[in-house]
Amino acid sequence: MRGPMILKRLGADNSGVFAIETAIVAPLLLLMSLGAYQISMLVARQTELQSAMAEAEAIALASDPDTSAERWILQNVIMTSTGLPEANVTVEEAYRCGDSSTYTTSATSCATGTVMSSFVKIRITDTLNPTWTKFGMGSAFQFDQTRYVLYKQATKA
C-alpha cells in the first residue's frame, strides 16, 4: 500500500521539472544559435566577395586594364580587400569577336573588320569551413565567382 502513495506523491512533485526541461532544451538552443552564427558568417563572406568584385569592376572600367601590369594591380586590390592569397584571385584578359557568345584568350583570333570586345576576366575562389564540419556534419562551402568586365570595343584593323 505504501508503493502507490509514493508514486502519487512523486507525480504531484514539480520541484525538478525546470531542471529537466532545461537539460533537454538548452543543447538544442545552443546548436541552433551556433548554426545561425555560422550561416551569418557564410552570408557575410559572400557579401564581402561580391563587394570586392564590384570594386574590381569599377577599377577595371576606370583604368582599361589592357597590360599585365595593370591587371596585376587589379589583382592586388582584390587580394587586399578580401584577404585571399594569389592562388585564389585571377585577373586575365578575354576577348569576344563580333556577336559571338564565346570568349577567347587571344586578341588575334578575331578576323579583320569584325568588332573585337576586350574584357578582363576576374575570378575569386574561397572556402569556408563551418564549425559543424569538424564534427563530421556537412562539408565546406566553396565560393567561386567569375565576372567579365567589358572595357573596350573596337573594329579590328
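**Exercise 1. Is Q145 buried or exposed?**

Solution. Keep in mind that you are working with a predicted model.
- Step 1: Find Q145, which lies in strand β3.
- Step 2: Look at its surroundings. Leaving out residues up to four places away in sequence, Q145 touches Q46, L49, Q50, M53, I122, R123 and I124.
- Step 3: Compare its accessibility with the cut-off. A residue is called buried when its relative accessible area is under 20%. Q145 has 12% relative accessibility, so it counts as buried.

**Exercise 2. Work out how the sheet is arranged and what packs on it.**

Solution. Let's go strand by strand.
- Step 1: Read the order. The sheet is open and has three strands, in the order β1-β2-β3, with antiparallel pairing.
- Step 2: Find the edges. β1 (89-97) and β3 (141-155) are the edge strands, since each of them pairs on one side only.
- Step 3: Zoom in on one pairing. β1 and β2 (residues 115-128) run antiparallel and are joined by nine bridges. For V89, the bridge partner in β2 is I124.
- Step 4: Helix α2 (residues 17-63) lies across β2 and β3 and runs at about 15° to β3.

**Exercise 3. Which residues have the most contacts inside the largest nonpolar core?**

Solution. Start with the whole group, then pick out one member.
- Step 1: Size up the core. It has 19 residues, and those with the most contacts inside it are L74, I78, V120, I122 and I124.
- Step 2: Ask where the residues come from. At least two are supplied by each of α2, α3, β1, β2 and β3. The biggest share, six residues, comes from α2.
- Step 3: Follow I122. Beyond its neighbours within four places in sequence, I122 is in contact with residues including M53, L74, I78, Q145 and V149.

As a general rule, in soluble globular proteins nonpolar side chains tend to be buried together.

**Exercise 4. Which two cysteines form a disulfide, and what does the link join?**

Solution. 
- Step 1: Check the sulfur atoms. Those of C97 and C110 are 1.9 Å apart, and the cut-off for a disulfide is 2.5 Å. The pair therefore qualifies under this rule, and the count comes to one disulfide.
- Step 2: Find its handedness. The angle about the S-S bond is -85°, and the link is left-handed.
- Step 3: C97 is in strand β1 and C110 is in the loop between β1 and β2, 13 residues apart.
- Step 4: With 4% relative accessibility, C110 counts as buried.
- Step 5: Look around C97. Apart from neighbours within four places in sequence, C97 is in contact with S109, C110 and V115.

Notes:
Residues are numbered from 1 along each chain as its sequence is written. This is a predicted model: local features need pLDDT of at least 70, side-chain atom pairs count only at pLDDT 80 or more; totals for chains, interfaces and linings use all residues. Side-chain values use heavy atoms; hydrogens and water are left out. Two strands pair if DSSP finds at least two bridges between them. Helices (H or I, at least four residues) and strands (E, at least two) are DSSP runs, numbered from the N terminus. Contact means heavy atoms within 4.5 Å. Axes are lines fitted to C-alpha atoms, for helices over the stretch in contact, and angles run from 0 to 180 degrees between N-to-C directions. A nonpolar core is a set of buried Ala, Val, Leu, Ile, Met, Phe, Trp, Tyr and Cys residues joined through side-chain atoms within 4.5 Å. Buried means under 20% relative accessible area, exposed over 50%, partly exposed in between (1.4 Å probe, protein chains only).
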